[in-house]
Amino acid sequence: MTSERPSEITFQPVVAEDFDELVALRIAAMRESLERVGRFDPERARERLRKSFYPEHTAFIVHDGRRIGFYTFRPTEEGFHLDHLYVHPREQGAGVGSRVLRHLLAEADAREAAVLLGALRESASNRFYQRHGFVVKAEDEWDIYYIRTPRA
């Protein structure tokens, strides 16, 4: 019996000049969900990312040497805000997002900090976050906002 070693996931710092690559990853990851609710607009996607772009708190997700996504995980007075967590659709379903999220949650737990985030209604990401212990904090027309309290 052979056991396969899980493929390697690493993180790479982001600089301001990476913005266009991040936009492309965000659009690829969100396109299907946004089209489902009639809100797909590449320019809106670019502007929304621009408003929440914190290179110092953002990292590429690198899988076997390829940039396949990114996250923005920034400290605030409330805890950490997970502003972005995107994995390219070709890489979804293989546990990459869960591995990244567990890494970030471990960091928050070590600091005894809550994690807050928002997810588009109708997106499969809602089930993903709920499976990882997030509970609904608030809702609006387009998004559902979640919180996960720190674990001991």
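The expected span of a helix is 1.5 Å times one less than its number of residues. Please keep that rule in mind as we look at this protein, which is a predicted model.

Let us apply the rule to helix H3, residues 96-110. With 15 residues, H3 should span 21 Å, and because its end C-alpha atoms lie 21 Å apart, the model agrees with the expectation. Several residues of H3 are buried, among them Val-96, Val-100, Leu-101, Leu-104, Leu-105 and Ala-108. The buried set also includes Asp-109. Just after the helix, Glu-112 adopts a positive phi of about 55°.

We now turn to strand S5, residues 114-120. How many of its 7 residues are buried? The count is 6, so S5 is largely enclosed by the rest of the structure.

Which strands pair with S5? The chain passes from S4 through H3 to S5, forming a β-α-β crossover that is right-handed. Strand S7, residues 143-148, runs antiparallel to S5, and the two are joined by 6 bridges. There, Gly-118 has Tyr-145 in S7 as its bridge partner.

Finally, a word on confidence. The mean pLDDT of the protein is 90, with 93% of residues at 70 or more. Confidence is highest in strand S6, residues 135-139, at a mean of 97, and lowest in helix H1, residues 19-36, at 86.

Definitions and conventions
Residues numbered from 1 in each chain as written. Predicted model: local features only at pLDDT ≥ 70, side-chain atom pairs only at ≥ 80, totals over all residues. Heavy atoms only, no water. pLDDT = per-residue confidence, 0-100. Helix = DSSP H or I, 4+ residues; strand = E, 2+ residues; numbered from the N terminus. Buried < 20%, exposed > 50% of the residue type's maximum accessible area, 1.4 Å probe, protein only. Right-handed = clockwise from strand over helix to strand, strands pointing away. Pairing = 2+ DSSP bridges.
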